[in-house]
Amino acid sequence: MTPDGPRRPDEPRFPDRSRAGAVRPRLSRTATARPALPRHDDRRRTFPQLAPREAPDGRFAATWWGNAWVESLEDTALDQARLARGKAYARRGHVDAITVTPGRVVAYVHGSRPRPYRTEIRLRTLDDADWECFLDEAAARPEHIAALLDKDVPHALEAVTGLLPAPGDLIPDCSCPDDGYPCKHAAALCYQSARLLDEDPLVLFLMRGRGEQELLADLTRRNAARSAAERGTTAPALPGVPARTALAPLTGHVLPPLPPPLPAPAHPGRPAVFPADPDAPDPLALDLLAGEAAARAHTFLTTGHDPVAALSPWQDAVRLAAAHPGSGLTASTRALYRDLSHALDRTPTDLARAVAAWRQGGPAGLAVLEEPWDPPAGPFDRARPALLAADLPAFRPWRNRLSTRSLQLRFGREGLWYGYESDTDREDWWPRGTPDADPVGVVTALLGR
């Protein structure tokens, strides 16, 4: 049956809606339209059309991973003229909204004809072994997690997992009659996809097969397991008093003398778990307040002084973040790093680097991170000959620092050496290892000898 009567044998089952005067189904007057409830699926993301943009430096993308995406297409293009036209299409905004799903990037691209073409880029998704390698590497080093929080992709993760496409890894397809490889429409889509990666590198992980929620949940579980293993065994049970003894005055018995005071615990207690409640304060804020109170009370109990009173606002923010029991890329961790860094006009990466320095050496470690100085002659001058005698790489000096292409030693004012590492020739130094008075020992520990 058609809406206006029975269907003729030669009539198509579904009317052509593109024709003028096409028959449209009628809605019953008694029927009530029920809008479909939105269902969130982060394995399918659609991004609105990007505005036209001209790159003054000639490079289409702004980040190293965005340009690596572009280079993969350009390295396999068979026609540079089509590639140039595709780049011009992208810059003039000919690419409509882009939909990204695992292994596929799809959009409609406007060409010389009125009707746009359906264009897609296909690429390989990572298998379980590749994801395990990436997740283990990302959760093992705090700077990698901090980089992902700050919308950055560390070079080390690309080397481990091959997230970025290699030459020939991007397979273009288009509904246009052009048989170029790629056609200008597919090239335009690839160039615009690089701009998406500039703004949110987590789109790259979706292209390779993992949505943001699944990726962050996996990192959270791994980092939580590592944190639990580092915390060690549980605290021993405290001695108690039997109820019969406590109630002795009521029965006429004489109470024994009070026991001696309990010794102070080795570490402050952990706060309780605060459930989310719309009428209660933020659980993260409660957790931080309870943890802060426990730590300061423990310090007062064991030392008799307050270690927080003399700290600057930045030092106190670093101390708070370092004391927070990190559990991966959770919403609370994101909020903590975002709020603390924003309040002091820093970035989450700045805060994560400072936290690593604080955990390495406390306030002295943070000073070594942020305050270069000129040490007097003595231990600093004797360090370079000692390193050369131990058959270690030659270090170049600058103020209180000795550096190679990927290793660095920093001399603290208290006479200790602090180890730092960076990707080769990146000048992106992160604290690593334990401070020591022996520079050779610090370097050998970093090298795993």
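The model is predicted, so local features need pLDDT of at least 70 and side-chain atom pairs count only at pLDDT 80 or more, while totals for chains, interfaces and linings use all residues. Residues are numbered from 1 along each chain as its sequence is written, and side-chain values use heavy atoms, with hydrogens and water left out.

**Terms for the tour**

Helices (H or I, at least four residues) and strands (E, at least two) are DSSP runs, numbered from the N terminus. Two strands pair if DSSP finds at least two bridges between them. Buried means under 20% relative accessible area, exposed over 50%, and partly exposed in between, with a 1.4 Å probe and protein chains only.

**Stop 1: strand S8 and its sheet**

Select residues 407-411, which make up S8. On one side, Leu-407, Leu-409 and Phe-411 are buried, and on the other, Gln-408 and Arg-410 are buried as well, so that both faces are covered.

Now widen the selection to the sheet. Its five strands follow the order S6-S7-S8-S9-S10, and the sheet is open, with antiparallel pairing. Strand S6 (396-398) and strand S10 (430-431) are at the edges; each has a single partner strand, so one side of each is left without a neighbour in the sheet.

Next, select strand S7 (residues 401-403), which pairs with S8 over three antiparallel bridges. Arg-401 has Arg-410 as its bridge partner in S8, and Ser-403 stands opposite Gln-408. Three residues separate S7 and S8 in their hairpin.

On the other pairing of S8, five antiparallel bridges join S8 to S9, and Leu-407 stands opposite Glu-421 in S9. These two strands also form a hairpin, here with five residues between them; in the turn, Gly-415 has a positive phi of about 95°.

**Stop 2: the ring cluster**

Select Trp-373, Phe-380, Phe-411 and Trp-417, which ring pairs link into a cluster. Rings of Phe, Tyr and Trp (its six-membered ring) pair if their centres lie within 6.5 Å; planes under 30 degrees apart count as stacked, over 60 as edge-to-face and the rest as tilted. The structure holds eight aromatic pairs.

**Stop 3: helix H3**

Move to helix H3 (residues 128-140), whose 13 residues reach 18 Å from the first C-alpha to the last. Its buried residues are Trp-131, Phe-134, Leu-135, Ala-138 and Ala-139. Seen down the axis of H3, these fall within an arc of 115°, so they line one face of the helix; the arc is that of the directions from the helix axis to the C-beta atoms.

Display the side chains of Trp-131 and Phe-134. They form an edge-to-face pair, 5.9 Å centre to centre with 80° between the planes. Both lie in H3, three residues apart, about one turn of the helix.

Phe-205 belongs to helix H7 (residues 202-207), so the pair ties together parts that are 71 residues apart in sequence. Phe-134 is buried at 0% relative accessibility, and Phe-205 is buried at 1%.

**Stop 4: the other sheet**

Finally, select the open antiparallel sheet with the order S1-S2-S3-S4-S5. Strand S1 (45-47) and strand S5 (171-174) are its edge strands, each pairing on one side only. Strand S4 (residues 117-122) pairs with S5 over four antiparallel bridges, and Ile-121 has Pro-172 as its bridge partner in S5.

Methods:
Expected span 1.5 Å × (residues − 1).
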